[in-house]
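These are my notebook entries on a structure that I had not examined before. I set down what I looked up, in the order in which I looked.

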Amino acid sequence: MWNTIQPLLPVRDLRKGGGIRKYGDRLVLDSIFYVLRSGCQWRMLPHDLMPFDAAHRWFTKWREDGTWDRVHDELRRQVRVEAGRDPEPSAAVIDAQSIKTSEGGEARGFDAGKRTTGRKRHAIVDTMGLLLVVAVTSASVQDRAGGRTVLARLAAGFRTVGLVWADGGYANSVDSTLLSWARDALNIVVEIVKRTDDVKGFKILPRRWVVERTFGWLVRNRRLARDYERLTATSEAMIKVAMIRLMLVRLAGQSARWSHEPHRKTARTETVENLIAA
């Protein structure tokens, strides 16, 4: 994973002066990934990693100078090429996820539909489930209003996308102006994938399950199981860091950890036997 991301990180210009760095980029990433996966506070970083204030400072610096955005976009291109796809997508899926927040922070509201007090993550992903655009707003923001924000960002950053699938919340009998606005202003066709009225219970719907799976990937990281950030910009950056880690795992060819107990016992036995043989 480190060999994959190292060439994408910014290189320091020594001609501009400054002292010798005490902590390298690899330790910075280890510390940030630890906060992401464990969900701990920055102040609770283990002592074998870097000091919490330095880790948070580098996380914020890379958010403000666009490093996370550049690394995320380049890794997405690499994952798509490795899967035999074009580097840039031509179709996407849009949806929103309401998530609870901790106390305080900006853009905090109540989602009457989901009965959730917190924020809402408006995301657009490609057909592989890789993140294209994300915007974090108050949970009180309707899907159609948040959809305009992320669709505008999509049109500005991905001119190759001409089709976006969405659920019925983005166009209904009350307000369907999002479809005509996207077609006329952005040259993007938004196609609604509706659920049939005669089907009861759980039903996997075409295309829509892709973005739902992406939300499932995100909340596996405990830092994203609830929105702990005070700024929405920080929340968006943490989501991109989660996707960066996921894509690094894929590009590095690493497999997921076993969750089945017999497999874990087998792995521990083989590890002990290898240590004894060594």
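**Entry 1. The chain as a whole**

I noted at the outset that I was working with a predicted model. I then looked up the secondary structure and found nine helices and six strands in the protein chain. Next I asked what share of the 278 residues counts as buried. The figure I recorded is 43%. I also looked up the contacts in the chain with a separation of 6 or more, and residues 24 or more positions apart account for 65% of them.

**Entry 2. H2 against H8**

I turned to the packing of helices and began with H2 and H8. Their axes come within 11 Å and cross at roughly 100°. An angle from 65 to 115 degrees counts as roughly perpendicular, and H2 and H8 are therefore roughly perpendicular to each other. I listed the residues that make this contact: H2 gives Ile32, Phe33, Leu36 and Arg37, while H8 gives Met238, Val241, Ala242, Arg245 and Leu248. Sorted by class, the contact of H2 with H8 holds seven nonpolar and two charged residues, with no polar ones.

**Entry 3. H7 against H8**

Which residues of H8 meet H7? Before listing them I looked up the geometry. H7 covers residues 208-219 and H8 covers residues 232-251; the two helices pack at an angle of about 95°, and their axes are 10 Å apart. That angle makes H7 roughly perpendicular to H8. On the H8 side the contact is made by Ile239, Ala242, Met243, Leu246 and Arg250, and on the H7 side by Thr214, Trp217 and Leu218. I counted the classes for H7 with H8 as six nonpolar, one polar and one charged. I noticed that Ala242 is listed in the contact of H8 with H7 and is listed again in the contact of H8 with H2.

**Entry 4. Thr214**

Is Thr214, at 2% relative accessibility, buried or exposed? Buried means under 20% relative accessible area, so Thr214, at 2%, counts as buried. Thr214 lies in helix H7. Setting aside residues up to four places away in sequence, I found that Thr214 touches Val125, Gly129 and Met243. Met243 is one of the H8 residues in the contact with H7.

**Entry 5. The cavity**

How many cavities of 30 Å³ or more does the model hold? The count comes to one. The largest cavity has a volume of about 40 Å³. I wrote down its lining: Arg121, Arg223, Leu224, Asp227, Tyr228, Glu229, Ser235, Met238 and Ile239. H8 supplies the largest share of this lining, with three residues. By class, I recorded four nonpolar, one polar and four charged residues in the lining of the largest cavity.

**Entry 6. Met238**

Met238 is found in helix H8. Its relative accessibility is 0%, so Met238 counts as buried. Leaving aside neighbours within four places in sequence, Met238 is in contact with Leu36, Trp42, Phe59, Arg223, Leu224 and Glu229.

**Entry 7. Pro10**

Where does Pro10 sit? I placed Pro10 in the loop between helix H1 (2-5) and helix H2 (25-38). With 36% relative accessibility, Pro10 counts as partly exposed. Pro10 touches Asp25, Trp62 and Thr67, with residues up to four places away in sequence not counted. The C-alpha atoms of Pro10 and Trp62 are separated by 9.1 Å, and the two residues are 52 residues apart along the chain.

**Entry 8. Positive phi angles**

Last, I looked up two residues with a positive phi. Arg115 is not a glycine, yet its phi is positive at about 55°. Arg115 is found in the loop between strand S2 (109-111) and strand S3 (116-126), and its relative accessible area of 64% makes Arg115 exposed. Asn187, also not a glycine, has a positive phi of about 60°. I placed Asn187 in the loop between helix H6 (177-186) and strand S6 (189-192). At 64% relative accessibility, Asn187 counts as exposed.

Definitions and conventions
Residues numbered from 1 in each chain as written. Predicted model: local features only at pLDDT ≥ 70, side-chain atom pairs only at ≥ 80, totals over all residues. Heavy atoms only, no water. Axes fitted to C-alpha atoms, helices over the stretch in contact; angles between N-to-C directions. Helix = DSSP H or I, 4+ residues; strand = E, 2+ residues; numbered from the N terminus. Parallel < 35°, antiparallel > 145°, perpendicular 65-115°, else oblique. Contact = heavy atoms within 4.5 Å. Nonpolar A, V, L, I, M, F, W, Y, C, P; charged D, E, K, R; others polar. 1 Å grid on protein atoms, 1.4 Å probe; cavity = no way out; pocket = protein on both sides within 12 Å on 5 of 7 lines; lining within 4 Å. Points joined across faces, edges and corners; volume = space filled by probe spheres on them. Buried < 20%, exposed > 50% of the residue type's maximum accessible area, 1.4 Å probe, protein only.
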